[in-house]
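Please look through the sequence and the coordinates below before reading on. The paragraphs after them are meant to be read with the structure open.

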Amino acid sequence: MYLVPPMDDEPPPDYVTFVALHVNDLRRETLRLVGGDREAAHLYMDVLADVACHWRRLLWRRRLLGHPQAAADYMTHRLATRTKQWRDDQFYEVDVRVIPPPPAYYSRSGPTASLALRKADLLPDTHRSGVEATADAGIAWVQAYRRQLWHRAGRLIVGGILLIAAMIQFMTSISPTP
């Protein structure tokens with residue numbers, strides 16, 4: 001019996017929907033804040049995992065306090081916090097250079113385009129929308145679930161140590177001293 005039931009190992013549908021709605025904006029904002037660094041993918045996944053860790057609390061806040069943007073506000077707060085931590089960890093100067101646009105032969109049209117690039121406009125698109133958001137939600141939820149398991153193990157270990165210390169303290173207080 002749990003006072004607060006443990007986190008499910010699968011993301012709930014409302015979390016997946018939330019991620020699908022906000023993942024593109026979150027990616028774009030993360031890339032903007034870190035300047036296109038390759039750490040942006042890690043940062044936005046960490047932010048999604050932070051939201052997943054607190055998802056039930058955020059749902060309760062939305063229901064009880066009538067705050068419909070609780071999860072989005074928390075996501076924005078965690079993005080700012082994670083970005084600040086990332087910036088504090090940087091110890092090198094950033095050299096900003098303007099990269100010119102690619103040459104014309106990389107375009108999909110024009111006389112210098114390859115046959116594959118010219119045919120690409122004629123083929124139907126195979127991109128499946130929504131799959132990335134579902135995958136990102138699942139990955140973030142698993143990260144949050146594992147984090148929750150580690151926190152639970154830590155609480156059990158600390159509780160056991162405190163219990164043993166209390167028993168030792170109790171045993172020394174009732175034993176006769178010579």
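This is a predicted model: local features need pLDDT of at least 70, side-chain atom pairs count only at pLDDT 80 or more; totals for chains, interfaces and linings use all residues.

Residues are numbered from 1 along each chain as its sequence is written, and side-chain values use heavy atoms, with hydrogens and water left out.

The protein has 6 helices and 0 strands, where helices (H or I, at least four residues) and strands (E, at least two) are DSSP runs numbered from the N terminus. Of its 178 residues, 24% count as buried, that is, under 20% relative accessible area, with exposed meaning over 50% and partly exposed in between (1.4 Å probe, protein chains only). Among contacts (heavy atoms within 4.5 Å) with a separation of 6 or more, 71% join residues 24 or more positions apart.

Helix α1 has 22 residues and reaches 30 Å from its first C-alpha to its last, close to the 32 Å expected at 1.5 Å a residue, the expected span being 1.5 Å times one less than the number of residues. A kink of about 50 degrees is centred on His22 in α1; the bend at a residue is the angle between axes fitted to the seven residues ending there and the seven starting there. The buried residues of α1, among them Phe18, Val19, Val23 and Leu26, pack against α2, α3, α4 and α6. After α1 comes Gly35, whose phi is positive, near 70 degrees.

Helix α4 (residues 70–89) has 20 residues and spans 29 Å, close to the expected 28 Å. Its buried residues include Met75, Leu79 and Trp86, and what covers the buried residues of α4 includes α1, α2, α3 and α6.

Leaving aside neighbours within four places in sequence, Leu26 is in contact with Tyr44, Val47, Leu48, Met75 and Leu79.

Asp136 lies in helix α6 and is buried, with a relative accessible area of 9%. Beyond its neighbours within four places in sequence, Asp136 is in contact with Val19, Val23, Arg27, Tyr44, Met45 and Leu48.
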